[in-house]
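Hello,

Here is the structure we talked about handing over. Please look through it first, then read my notes below.

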Amino acid sequence: MAPTFLVTGGAGFIGSNFVRHVLEHTDDQVVVLDKLTYAGDRRTLEGLPANRVRLVEGDIADAALVDGLVADLARDDGVLVHYAAESHNDNSLHDPSPFVQTNLIGTFTLLEAARRHGVRLHHISTDEVYGDLELDDPGRFTEATPYNPSSPYSSTKAGSDLLVRAWVRSFGVRATISNCSNNYGPWQHVEKFIPRQVTNLLDGVRPRVYGAGANVRDWIHADDHSSAVLRIIERGEIGETYLIGADGEKSNLEVVQALLSIMGRPEDDFDLVTDRAGHDLRYAIDSTKLRTELGWEPRSTSFADGLTRTVEWYREHEDWWRPHKDATERKYAEAGQ
Ligand code: NAD
Ligand code: DAU
């Protein structure tokens, strides 16, 4: 099979969405490199055509394995799309070590292989590298906002972005970077805010909201993140960073109340619990550059519709999320959350 995309972290939430997007919108083939950590699940890729998708179980920090895969990719003039990461802020507060290893050493390992074999790389990052905004700040993050990360997760993502920039400048690696806001949609791990509350409600458990619930996130459907990444790969300028967002700012209280309404429960049927240490207040993305320079637009512009579809998906896919639920809730219970 001739790979065209090598997708790291393709058995996780957003990476698997991108794999599906590539299958639907191109004739290309995909090799997924994924360590299948607690957050990766081979069942997420089940049913995809075997003649177009191949899963390699392995670590992005395994230099020999990565070198072989990137050498194959170079022969096909393929693109390395780097999603693999330790991705959850709460976990990074309990044990930062895998975040340093995967997000920094793993990205370094991929960059060195891309450099050796002259392969084009797209690096997936997050708006969290910019720190947070005040609730009443009229501004939003742009590509010019200075880096100011808060958590072990976001600081290791910030470090990975800086490595990519340095490898572009110092070694001429052909790379682009995108920093996206909070994603929602199917196949997201039940540790994350929306799937946690949806599956709690399906289990008859009240949603758990950190602090006072005033924190704001800028929600985008994962399908729109994937279309933006493909657009950047096709038309983006080497060395450039693009912010991805869909104007979806909502407080956590607004999100929980929308979920309660979709699921036919009273709007005060949730608990406020211990806040996250160092909890970022607000994220907001200005995606003008991506829209004007590359002509990208999000398609899921109704959060209410996207959320309703997401709730339906979790209702219909209990077999997928159930095996992860108890262990996740045990960790939250230990933290009083
Ligand atoms: P996820 O936790 O659902 O998936 C991460 C995947 O990476 C898993 O399949 C896991 O097994 C794999 N992985 C972890 N360590 C690995 C390693 N050492 N080698 C190979 N594979 C490894 O994460 P996600 O939410 O899908 O996020 C994917 C990427 O998008 C991350 O880089 C994250 O920083 C970024 N991002 C996420 C969001 C969001 O809202 N979830 C928003 C912006 C950017
Ligand atoms: O902004 C992009 C980032 O979005 C990505 O880089 C991260 O990988 C992704 O995990 C996400 O980070 P957040 O920390 O914003 O997402 P999380 O789903 O953990 O939490 C969203 C908000 O909800 C945040 O303010 C914390 C709050 N929260 C979370 C959980 C799990 C609760 O109130 N209750 C909860 O049970």
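Buried means under 20% relative accessible area, with exposed over 50% and partly exposed in between (1.4 Å probe, protein chains only).

Some ground rules. This is a predicted model, where local features need pLDDT of at least 70, side-chain atom pairs count only at pLDDT 80 or more, and totals for chains, interfaces and linings use all residues. Residues are numbered from 1 along each chain as its sequence is written, and side-chain values use heavy atoms, without hydrogens and water.

Aromatic pairs

The whole structure holds 14 aromatic pairs (Phe, Tyr or Trp rings, six-membered ring for Trp, centres within 6.5 Å; planes under 30 degrees apart are stacked, over 60 edge-to-face, the rest tilted). Tyr184 and Trp219 have ring centres 6.5 Å apart and planes at 80°, so they pair edge-to-face. Trp187 and Trp320 are also edge-to-face, at 5.6 Å centre to centre and 90° between the planes. Both Trp187 and Trp320 are buried. Ring pairs also join Tyr130, Phe141, Tyr147 and Tyr283 into a cluster.

Ligand 2

Around ligand 2 there are 24 residues (a heavy atom within 4 Å). Among them, Thr126, Asp127, Tyr153, Arg276 and His279 come nearest. Polar contacts are N or O pairs within 3.5 Å. A polar side-chain atom of Asn182 is 2.7 Å from a ligand 2 oxygen. For Gln197, a polar side-chain atom sits 3.1 Å from an oxygen atom of ligand 2. A polar backbone atom of Ser87 is 2.8 Å from an oxygen of ligand 2.

Best wishes

How values were computed: Chains are lettered from A and ligands numbered from 1 in the order in which they are written. A polar contact is a pair of N or O atoms within 3.5 Å; within protein, one must be able to donate a hydrogen and the other to accept it, and residues adjacent in sequence count only if both atoms are side-chain atoms.
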